[in-house]
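Colleague: I'd like to go through this one and ask how you back up each label. Can you put it on screen?

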Amino acid sequence: MNVTFKLFASLATYLPDDAKDNAVEIEVGRDTTPNQLIERFRLPEREVHLVLKNGVFLQPFDRNTPLEHQDVLAIWPPVAGG
Amino acid sequence: MSWTRKIMRVNLTEGSISEEPLNMEWADQYIGQRGLATRYFVEETDPKCDPLGPDNKLIFATGPLTGTMASTGGRYSVITKGPLTGAIACSNSGGFIGAELKSAGWDMVICEGRSPSPVMLHIVDDKVELLPADDLWGKSVWDTDKLIHQKLNDPQIRIAAIGRSAEAGCLYAAVINDLHRAAGRSGVGTVMASKNLKAMAVRGTLGVGNVKDPKRFMQVTAEQKQVLAENAVTGQGLPAMGTQVLMNVINEIGALPTNNMREVQFKDANKISAEAMAEPRESDGKPNLTTNAACFGCTIACGRISTIDKGHFTVENKPEYWGNSGGLEYEAAWALGADTGVGDLDALTYANFVCNEDGFDPISFGATVAAAMELFEEGVVTAEQTDGMELRFGSAEALAWCAEKVASGEGFGADLGLGSKRLCEKYGRPELSMTVKGQEFPAYDPRGVQGMGLTYATSNRGACHLRSYTVASEVLGIPEKTDPLSVDGKAGLVKAFQDATAAVDSTGLCVFTTFAWSLDNIAPQVDAACEGGWTAEKLLEAGERIWNLERDYIQRAGLTGADDNLPKRLLKDAAKTGPAEGKVAGLDVMLPEYYQIRGWTSDGQLTDETRSKFGLPA
């Protein structure tokens with residue numbers, strides 16, 4: 001199945017070279033979880049702060065729930081503005 | 001104590017200047033800056049006064065920590081009755097002039113009356129004079145700044161000024177200091193223009209002495225700077241990415257108001273984001289972002305300094321815009337970009353430069369352009385009014401043209417200078433104005449961040465994100481994560497943010513410190529500097545008192561609970577995409593609970609009991 005994986009701010013450097021607009025389409029096996037993708041892309045644990053699945057925040061305990069086809073997973077380090 | 005205990009009163013009608021002692025009883029109740037100046041303002045002005053008449057007053061106020069070595073201790077506020085809203089206007093700015101004013105020995109400057117001809121206020125410590133400014137009238141902020149520096153032959157003097165938009169009557173004109181920092185909202189610059197006060201130039205050489213316990217102050221401010229440095233947001237995120245890092249976040253959660261809030265997601269959000277600002281442009285190979293920048297005493301340094309590609313259509317053959325200047329912050333980038341549907345980063349930067357150059361609020365400006373674009377697309381405003389310019393969503397040319405028109409106040413620029421509410425009323429479509437109490441919304445759609453709907457509806461100065469930034473909790477998880485799509489608990493959350501922010505805004509510190517600090521971090525700094533036994537509890541109580549005082553004032557000015565409302569678009573038209581799809585703003589649930597928590601009546605009126613509890617003036 002395919003999911004869209006997005007990394008922003010200082011995490012953008014962990015995206016592969018073919019990423020565009022901070023996003024890359026990737027093919028993953030069934031039952032792949034957000035935490036498995038975080039590990040696969042070697043994201044430093046303390047920089048994984050804001051994790052959104054289809055725009056909805058995933059609490060740390062929700063990040064072992066398998067993704068579904070065409071899900072969008074977007075991740076930021078701690079950020080703020082206003 | 002780090003108040004100077006001295007305020008300056010400038011009677012512009014008579015051209016006289018006098019000195020008064022600071023009311024220390026009020027300082028103990030209202031801290032400084034926003035709170036203390038509001039107390040003076042409420043005491044001295046008729047709430048029914050014409051905001052642009054001589055009876056309105058204009059106060060420049062510092063806080064007790066302004067000009068000290070506390071991190072971010074460089075803030076000042078401009079307090080007046082706002083012409084955009086008819087409510088209290090209180091606009092906060094950084095840069096350097098606040099600290100300079102304090103260093104010149106003044107807690108506050110109260111300007112009253114109206115000068116018969118243009119003047120500027122020149123302050124060098126306790127030597128203060130009004131100088132003729134006929135030669136500066138009609139000049140932009142940038143030209144005014146340059147001319148004053150030349151005239152006074154002092155490269156170090158700090159200047160706050162109004163531009164041409166204020167003189168032309170734009171109702172959301174700002175006071176710009178240090179070229180590109182702004183006391184931006186509610187038309188405080190318009191009030192300054194109405195008083196024929198073109199600028200304030202300040203040189204302070206006295207420093208900020210009389211800190212209560214200097215040794216403890218040095219120790220505690222150093223400890224708290226360490227907290228900011230070690231926090232991922234204030235130590236790394238904000239200096240590297242600025243507030244603009246939010247563009248993609250807010251778009252992803254489906255709360256980025258787009259095309260005058262018709263949609264909640266913008267297809268070109270990524271093109272106008274912090275990430276895009278740092279990316280080399282295809283056209284000239286240089287990034288929009290040159291560097292970050294800090295205001296006085298700030299150890300965060302979130303400011304953006306940008307350049308526009310010299311070949312970009314907005315600045316071609318205009319070398320005055322080729323240099324570095326104040327770049328896009330998130331709220332400005334949203335208003336100038338997503339809300340108008342414009343995805344051209346350099347066009348947004350140009351519009352932002354013009355807002356600084358001629359002194360007007362980019363949030364209200366962008367949102368008003370968005371309303372004008374909708375009026376144009378609906379066929380209500382036509383090319384006849386706009387000299388042939390097609391005001392269509394997504395048009396960078398139209399955005400740049402609108403900025404130039406508002407700067408000069410010419411032609412359709414006068415209509416745009418009315419703000420969204422009066423513009424839409426003028427053209428018979430008031431429902432297209434995305435405002436509360438006459439002030440335009442900032443960059444968060446209340447359908448996707450429910451707490452912000454209540455924040456906007458109850459803000460004492462009209463729609464504003466800075467009065468209670470619940471986005472911190474609802475989206476960013478600071479201090480703890482709450483669900484942005486739920487209305488549960490939001491009344492209490494909004495009140496807590498409102499009260500704490502009112503306190504912070506009264507200290508001289510920047511509200512951005514609160515991404516790392518709570519009042520527990522701020523109180524020891526205030527207490528080491530000031531007499532009065534300042535604890536987090538005392539600060540919070542003062543914040544609640546300030547909030548109620550502001551509310552009392554706007555009620556006396558004629559606003560009621562009926563003004564605590566949102567446009568029908570947000571209450572009736574559900575979000576079309578993203579996580580908030582199908583949702584409207586749940587104000588009907590949150591507002592009664594909020595009134596109850598505040599101790600107000602069910603229609604939002606302060607009670608005598610509440611007034612008495614906080615010792616508010618009768």
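Colleague: What makes β3(B) and β4(B) a pair of strands?

Modeller: This is a predicted model, and in it four bridges join strand β3 (residues 58–62) of chain B to β4(B). Pairing takes at least two bridges between the strands, so β3(B) and β4(B) count as paired, and they run antiparallel. One bridge puts Thr62(B) with Tyr76(B) of β4(B).

Colleague: How many bridges are there between β4(B) and β5(B)?

Modeller: Six bridges join β4(B) to strand β5 (residues 88–93) of chain B, again antiparallel. Within that pairing, Val78(B) sits opposite Ser91(B). The hairpin of β4(B) and β5(B) has six residues between the strands, and Gly86(B) there has a positive phi near 75 degrees.

Colleague: Why do you call β4(B) mostly covered?

Modeller: A residue is called buried when 20 or more other C-beta atoms lie within 10 Å of its own. For strand β4 (residues 76–81) of chain B, six of its six residues are buried. Both faces are covered: Tyr76(B), Val78(B) and Thr80(B) lie on one side, Ser77(B), Ile79(B) and Lys81(B) on the other, and all of these are buried.

Colleague: How do you know that the length of helix α12(B) fits its residue count?

Modeller: Helix α12 of chain B covers residues 345–358, which is 14 residues. The expected span is 1.5 Å times one less than the number of residues, and for α12(B) that comes to 20 Å. The end C-alpha atoms are 20 Å apart, so the two agree.

Colleague: What makes α12(B) largely enclosed?

Modeller: It's the burial again: 14 of the 14 residues of α12(B) are buried, so the rest of the structure largely encloses the helix. Just after α12(B), Gly359(B) has a positive phi of about 70 degrees.

Colleague: Why is chain B called as compact as a globular protein of its length?

Modeller: First the inventory: chain B has 24 helices and 17 strands. Its radius of gyration is 22 Å, close to the 25 Å that the globule rule gives for 618 residues, so chain B is as compact as a globular protein of that length. The C-alpha atoms fill a box of roughly 60 × 55 × 50 Å along the principal axes, and 63% of the 618 residues are buried. Of the chain B contacts between residues at least 6 apart in sequence, 70% join residues at least 24 apart.

Colleague: Where do the domains of chain B fall?

Modeller: The domain assignment gives domain 1 (6–203), domain 2 (238–439) and domain 3 (467–515 + 535–614).

Colleague: How do you know that domain 2 and domain 3 of chain B touch?

Modeller: Two residues are in contact if their C-beta atoms lie within 7 Å. By that test, 17 residues of domain 2 of chain B are in contact with 18 residues of domain 3 of chain B. The domain 2 side has eleven nonpolar, three polar and three charged residues. As for the C-alpha centres of these two domains, they lie 27 Å apart.

Colleague: On to chain A. How do you know that its radius of gyration fits a compact globule?

Modeller: With 82 residues, a compact globule would come out near 12 Å; chain A has 12 Å, so it agrees. The C-alpha trace of chain A spans about 35 × 30 × 20 Å along its principal axes, and 32% of the 82 residues count as buried. Its elements run β-β-α-β-β-β from the N terminus on.

Colleague: What makes β2 and β4 of chain A edge strands?

Modeller: Five strands of chain A form an open sheet with mixed pairing, in the order β2-β1-β5-β3-β4. The edge strands, β2 (23–27) and β4, each pair on one side only. For β2(A) the partner is strand β1 (residues 2–7) of chain A, joined to it antiparallel by five bridges. Val3(A) is opposite Ile26(A) in β2(A).

Methods:
Residues are numbered from 1 along each chain as its sequence is written. Chains are lettered from A and ligands numbered from 1 in the order in which they are written. This is a predicted model: local features need pLDDT of at least 70, side-chain atom pairs count only at pLDDT 80 or more; totals for chains, interfaces and linings use all residues. Helices (H or I, at least four residues) and strands (E, at least two) are DSSP runs, numbered from the N terminus. A residue is buried if 20 or more other C-beta atoms lie within 10 Å of its own, exposed if 12 or fewer, and partly exposed in between; C-beta atoms are placed from the backbone. Domain bounds come from an automatic or database domain assignment. Ala, Val, Leu, Ile, Met, Phe, Trp, Tyr, Cys and Pro count as nonpolar, Asp, Glu, Lys and Arg as charged, and the others, Gly among them, as polar. The radius of gyration is taken over C-alpha atoms; the globule rule is 2.2 Å times the number of residues to the power 0.38.
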